[in-house]
Amino acid sequence: MDLIQKNSCFAGEQRIYRWNSQQLQGTAKFGIYLPPKALQGQECAAVFFLAGLTCNEETFAIKAHAQRVAAALNLILITPDTSPRGDDVAQGDSWDLGIGAGFYVNATQAPWAQHYRMESYLVDELYPAVLAEFPILKDCVGIMGHSMGGHGALTLAWKYPEKFSSVSAFAPICAPSQCAWGEKAFSHYLGNDRNLWQAHDATALVQTKGALFDEVLIDQGLADQFYAQLNPHLFEQVCQTVGQKLNLRQHENYDHGYYFIQSFIDEHLQFHAKKLA
């Protein structure tokens with residue numbers, strides 16, 4: 001890992017690292033916030049944050065204003081990029097496909113399959129690497145995300161409950177198999193067999209695997225310009241069916257952006273700190 005940026009922040013450090021990823025077959029970056037105790041070598045709980053469409057490893061660190069509370073709670077925050085990058089990576093022809101839009105799945109279709117392996121990159125490569133490199137408490141790792149990243153957080157939590165002990169999301173794409181964003185991404189990355197899409201759909205995964213967490217926290221703005229793509233009611237219905245406790249908080253006047261995330265990020269960090277304690 002090459003440390004390419006380091007900034008003091010609330011007595012901790014916000015860092016950006018660059019390294020060579022075997023899964024993505026190229027150079028990748030990730031951000032990490034180390035609270036004061038982590039800088040002193042004390043082991044801390046950690047939370048992965050998966051960002052949404054068009055974002056990168058630095059978006060959350062700059063826009064969410066999470067470091068102050070993370071420092072107080074001694075939470076390490078890990079922020080991966082949203083897709084592979086590089087001149088030889090398939091670009092896509094729009095903002096919601098290709099670069100910046102990896103959807104946290106392993107693509108199986110050309111030309112995406114060579115580099116777009118975000119699921120394996122996160123759980124099989126980045127996850128063990130950061131646990132080996134930084135003072136992270138074993139079995140005290142959570143995951144959260146926003147929009148496309150909320151989809152990633154929910155699906156990876158249900159696929160790998162042995163790795164993630166807490167999960168929350170902001171305005172997640174709850175049923176990508178049933179919305180335009182998901183249909184576009186999945187048909188390109190995974191092919192046209194909709195049965196294969198179910199393994200990457202949070203609502204379908206909960207239906208299949210049942211209740212895995214003592215509680216899930218989701219915040220959703222009711223003025224969200226993308227609300228029709230998100231389908232929180234479908235996720236809520238399936239959680240009720242299988243007995244999964246869900247705290248779905250829907251807020252008047254809030255949209256899809258980072259002002260919305262800033263408004264509730266403190267409560268999400270407190271939620272994870274409590275679950276990982």
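**Figure 1. The predicted model of the protein chain contains 11 helices and nine strands.** The radius of gyration is 17 Å, close to the 19 Å that the globule rule gives for 277 residues, so the chain is as compact as a globular protein of that length. Along its principal axes, the C-alpha trace spans about 50 × 45 × 35 Å. Of the 277 residues, 60% are buried. Among contacts with a separation of 6 or more, 72% are between residues 24 or more positions apart.

**Figure 2. Surface and charge of the protein chain.** The accessible surface comes to about 11,100 Å², and carbon and sulfur atoms account for 45% of this area. The chain carries 19 positive and 28 negative side chains. The centres of these two sets lie 5 Å apart.

**Figure 3. Helix 5, residues 148-159, is largely enclosed by the rest of the structure.** This description follows from burial, because 12 of the 12 residues of helix 5 are buried, that is, under 20% relative accessible area. Among them are the glycines Gly149, Gly150 and Gly152. Other buried residues of helix 5 include Met148, His151, Leu154, Leu156 and Trp158, and the list also includes Lys159. At 1.5 Å a residue, the 12 residues of the helix should span 16 Å, and the end C-alpha atoms are 16 Å apart, which agrees.

**Figure 4. Histidine 268 lies in helix 11, residues 258-276.** Its relative accessibility is 0%, so histidine 268 counts as buried. Not counting residues up to four places away in sequence, histidine 268 touches Met144, Ser168, Ala169, Phe170, Leu217 and Asp219. For the pair formed with aspartate 219, the separation is 49 residues in sequence and 9.1 Å in space, C-alpha to C-alpha.

**Figure 5. Phenylalanine 10 and alanine 11 are placed in the loop between strand 1 and strand 2.** Strand 1 covers residues 2-9 and strand 2 covers residues 12-21. Phenylalanine 10 has 49% relative accessibility and counts as partly exposed, whereas alanine 11, with a relative accessible area of 62%, is exposed. The cut-off for exposed is over 50%. Leaving aside neighbours within four places in sequence, phenylalanine 10 is in contact with Tyr33, Pro36, Gln67, Arg68 and Ala71. Alanine 70 is 60 residues from phenylalanine 10 in sequence, and the C-alpha atoms of this pair are 9.1 Å apart. Alanine 11 has a positive phi, near 70 degrees, in a residue other than glycine.

**Figure 6. Glutamine 25 has a positive phi although it is not a glycine.** The value is about 55 degrees. Glutamine 25 is placed in the loop between strand 2 and strand 3, the latter covering residues 26-34. With 45% relative accessibility, glutamine 25 counts as partly exposed.

**Figure 7. A cis peptide bond joins alanine 110 and proline 111.** The omega angle of this bond is about 0 degrees. Proline 111 is found in the loop that runs between strand 5, residues 75-80, and helix 4, residues 118-133.

Key:
Residues are numbered from 1 along each chain as its sequence is written. This is a predicted model: local features need pLDDT of at least 70, side-chain atom pairs count only at pLDDT 80 or more; totals for chains, interfaces and linings use all residues. Side-chain values use heavy atoms; hydrogens and water are left out. Helices (H or I, at least four residues) and strands (E, at least two) are DSSP runs, numbered from the N terminus. Buried means under 20% relative accessible area, exposed over 50%, partly exposed in between (1.4 Å probe, protein chains only). The radius of gyration is taken over C-alpha atoms; the globule rule is 2.2 Å times the number of residues to the power 0.38. Contact means heavy atoms within 4.5 Å. Accessible areas come from the Shrake-Rupley method with a 1.4 Å probe; for residues, only the protein chains shown count as cover. Lys and Arg count as positive and Asp and Glu as negative; His and the chain ends are not counted. The place of a charge is taken as NZ of Lys, CZ of Arg, CG of Asp or CD of Glu. The expected span of a helix is 1.5 Å times one less than its number of residues.
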